[in-house]
Amino acid sequence: MRMLLVEDDIPLRDALAEAASDWTVTIPSDGGFREVVFSEIRRAATVIEALRELSTPVDLLVVDVRLGPESGIDIVRYASDLEVTPTILAISGKATATEAFELAALGVRGYLGKPFDMRELRAAIEGALAKPPDLEQGAMAQVGFRHIHAVQDEVKLAMLKRALQMEAGNITRAARRLGVTRAAVQQMLDRYGLPRPAVP
């Protein structure tokens with residue numbers, strides 16, 4: 001699992017990255033649970049650095065809401081518009097009610113206030129990874145602008161792409177992750193004009 005840790009307090013950021021590199025976290029998988037490690041932990045201290053790092057996909061984004069004079073919300077906003085959106089955990093000692101509301105609206109799955117210890121951070125990460133994204137906010141924003149069937153199609157297409165990406169192109173495992181048959185995945189690929197992956 002790949003993590004991007006965005007924190008402008010460099011000693012704190014490095015300490016968090018060092019601790020996380022030794023963790024095994026438990027996440028839901030196929031109706032059960034599995035343990036994963038952070039095989040890659042990337043670091044950034046500014047909005048520009050973070051956006052550069054997000055040019056390559058990550059699975060988990062841990063971002064401080066306040067980055068000196070900059071706002072981590074700009075990073076969250078950018079990440080939430082990516083084709084493959086990472087799980088996002090926000091950390092801060094100073095987030096306002098307005099910022100907290102905006103973070104939730106952008107799909108942030110967890111929030112951890114400072115100060116915190118490593119055990120609390122690990123628990124917050126596991127909680128964020130275990131929590132499914134809230135589709136209600138995004139769906140409500142479409143009312144009056146988009147036809148319901150167009151939204152349904154976009155959700156299906158996004159879920160299909162994400163499942164295939166998570167399963168390295170394996171159609172059988174992607175179908176299992178989506179809770180549908182292999183034939184249904186193949187039909188969706190044909191319907192949306194997507195090439196069939198080389199991995200069966």
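1. Helices and strands are DSSP runs, numbered from the N terminus; a strand is a run of E with at least two residues. On that basis Gly32 belongs to strand β3, which covers residues 32–37. The model under review is a predicted one.

2. Gly32 counts as partly exposed because its relative accessibility is 23%, and the partly exposed class lies between under 20% (buried) and over 50% (exposed). Between the C-alpha atoms of Gly32 and Thr98 there are 36 Å, the two residues being 66 residues apart along the chain.

3. Leu54 is located in the loop that joins α2 (47–53) to β5. Its relative accessible area is 5%, and Leu54 is therefore buried. Leaving aside residues up to four places away in sequence, Leu54 touches Leu4, Ile75, Tyr78, Ala79 and Leu82. For Leu54 and Tyr78, 24 residues apart along the chain, the C-alpha separation is 8.9 Å.

4. In soluble globular proteins, nonpolar side chains tend to be buried together. In this model, the largest nonpolar core has 22 residues. The members that touch the most other members are Met3, Trp23, Phe38, Val62, Leu121 and Ile125. At least two residues of this core come from each of β1 (2–6), α1 (10–20), β2 (24–29), β5 (60–64), β8 (87–92) and α5 (118–130).

5. Which residues does Trp23 touch, not counting residues up to four places away in sequence? They are Val36, Val37, Phe38, Met118, Leu121, Arg122 and Ile125. Of these, Phe38, Leu121 and Ile125 are named, like Trp23, among the core residues that touch the most other members.

6. Two packed helices are described by the angle between their axes and the distance between the axes. Helix α7 (residues 148–166) packs with helix α8 (residues 171–178) at about 125°, and their axes are 8 Å apart. The crossing of α7 past α8 is right-handed.

7. The contact between these helices involves Met159, Leu160, Ala163, Leu164 and Met166 on the α7 side. On the α8 side, Ile171, Ala174, Arg177 and Leu178 take part. By class, the residues of this contact comprise 8 nonpolar and 1 charged, with no polar residue.

Notes:
Residues numbered from 1 in each chain as written. Predicted model: local features only at pLDDT ≥ 70, side-chain atom pairs only at ≥ 80, totals over all residues. Heavy atoms only, no water. Axes fitted to C-alpha atoms, helices over the stretch in contact; angles between N-to-C directions. Helix = DSSP H or I, 4+ residues; strand = E, 2+ residues; numbered from the N terminus. Left-handed = near helix turned anticlockwise from the far one by under 90°. Contact = heavy atoms within 4.5 Å. Nonpolar A, V, L, I, M, F, W, Y, C, P; charged D, E, K, R; others polar. Core = buried A, V, L, I, M, F, W, Y, C linked by side-chain atoms within 4.5 Å. Buried < 20%, exposed > 50% of the residue type's maximum accessible area, 1.4 Å probe, protein only.
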